[in-house]
Amino acid sequence: MKYCFGVDIGGTTVKMGLFEKTGEILDKWEIVSKTENEGEAVLPDIAESIKGKIQERGLEEADIVGIGVGVPAPVTADGVVNGSANIGWGYKDVKGELEGLTGLPTEVGNDANVAALGEMWQGGGEGETNIVMVTLGTGVGGGVIIGGKVVVGTHGAGGEIGHLCVNYDETEICGCGNKGCLEQYASATGIVRLARKKLAAETRKTVLQAENVTAKDVFDAVKAGDTVAQEVAEEFGRFLGYCLANLAIVTDPAVIVIGGGVSRAGEVLIPYIQKPFLEKAFFANKDVEFKLATLGNDAGICGAAKLILDERG
Ligand SMILES: [Zn+2]
């Protein structure tokens, strides 16, 4: 057994990779996610694409460990999804269906958890077995890995860091229906919200413009020395840093990996998170390292490959 497939299912595309057992990516490609008709074509399309790749490369099925899959929804330990808004699925036995369609062993995980596994294997958390990964994108995703294993939990909702409550007094509603979730302050859209609120009451000179400000604009302005932008970044960092200090008390990670679109701002981000983290961290957690994710868009397929290798490799 020499090879495996890593599959990262998203709302617009499915990213796929063929891997050596050692972790080297041999090939990667994408197909469109057909989310119409409750996403009924998504798994058959993936199966077709994998079978096509096996044929194209002349691989023996006996040489293939199996398929790892990341899905944008909570996934139970036995590979079942109970509803994914992005894909259109209701109840879906992803593991069972894909095994039936391909004849290959399949393991399925939540996409953010799977990305964390990828970063532990070959990215910002390489060499560690206890890591927390926070993905700062449109929303805030997360993955907690303890002893090399993803914390999946009873409902597949383990590691949903974005919905930890960081503000008991918030009146606006999060996408999940609660109020005061981390996602409302630390995602790209959350940072825009913080910036707009600040700019509405701001009289000082700043390059930021309330109407079309983005998270990237905020951190570009931070780098250019814009005081107002720096204060927005401080506010973002306080919500995230305090939250991670609490999370570290439960999970005691060696490394906290920061990923997602917002992390493209680069190293400038780290002190804004680490300083408030250190203010609130339990004394035993103070030496936690903060690192940027390094795998970018490949974290999902990479972690998915690791998921099946851990199970069957
Ligand atoms: Zn929420």
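Rings of Phe, Tyr and Trp (its six-membered ring) pair if their centres lie within 6.5 Å; planes under 30 degrees apart count as stacked, over 60 as edge-to-face and the rest as tilted. The model is predicted, so local features need pLDDT of at least 70 and side-chain atom pairs count only at pLDDT 80 or more, while totals for chains, interfaces and linings use all residues. Residues are numbered from 1 along each chain as its sequence is written, and side-chain values use heavy atoms, with hydrogens and water left out.

**Exercise 1. Aromatic pairs**

Task: state how many aromatic pairs the whole structure holds, and classify Y185 with F239 and F219 with F236.

Solution. 
- Step 1. The search of the whole structure gives five aromatic pairs.
- Step 2. For Y185 and F239 the ring centres are 4.0 Å apart and the planes stand at 20°, so this pair is stacked. Y185 belongs to helix α5 and F239 to helix α8, 54 residues apart, and the pair links distant parts of the chain. Helices here are DSSP runs (H or I, at least four residues), as are strands (E, at least two), numbered from the N terminus.
- Step 3. Burial is read from relative accessible area: buried is under 20%, exposed over 50%, partly exposed in between (1.4 Å probe, protein chains only). Y185 has 2% and is therefore buried; F239, with 18%, is buried too.
- Step 4. For F219 and F236 the centres are 5.7 Å apart and the planes at 80°, so the pair is edge-to-face. F219 lies in helix α7 and F236 in helix α8, so the pair ties together parts 17 residues apart in sequence. Both F219 and F236 are buried.

**Exercise 2. The contact of α6 with α7**

Task: describe how helix α6 (residues 188-200) packs on α7, and sort the residues of the contact.

Solution. 
- Step 1. Two packed helices are described by the angle between their axes and the distance between the axes. Axes are lines fitted to C-alpha atoms, for helices over the stretch in contact, and angles run from 0 to 180 degrees between N-to-C directions.
- Step 2. For α6 and α7 the angle is about 65° and the axes are 8 Å apart.
- Step 3. A188, I191, V192 and A195 of α6 meet A215, V218 and F219 of α7, contact being heavy atoms within 4.5 Å.
- Step 4. The contact of α6 with α7 has seven nonpolar residues, no polar and no charged. Ala, Val, Leu, Ile, Met, Phe, Trp, Tyr, Cys and Pro count as nonpolar, Asp, Glu, Lys and Arg as charged, and the others, Gly among them, as polar.
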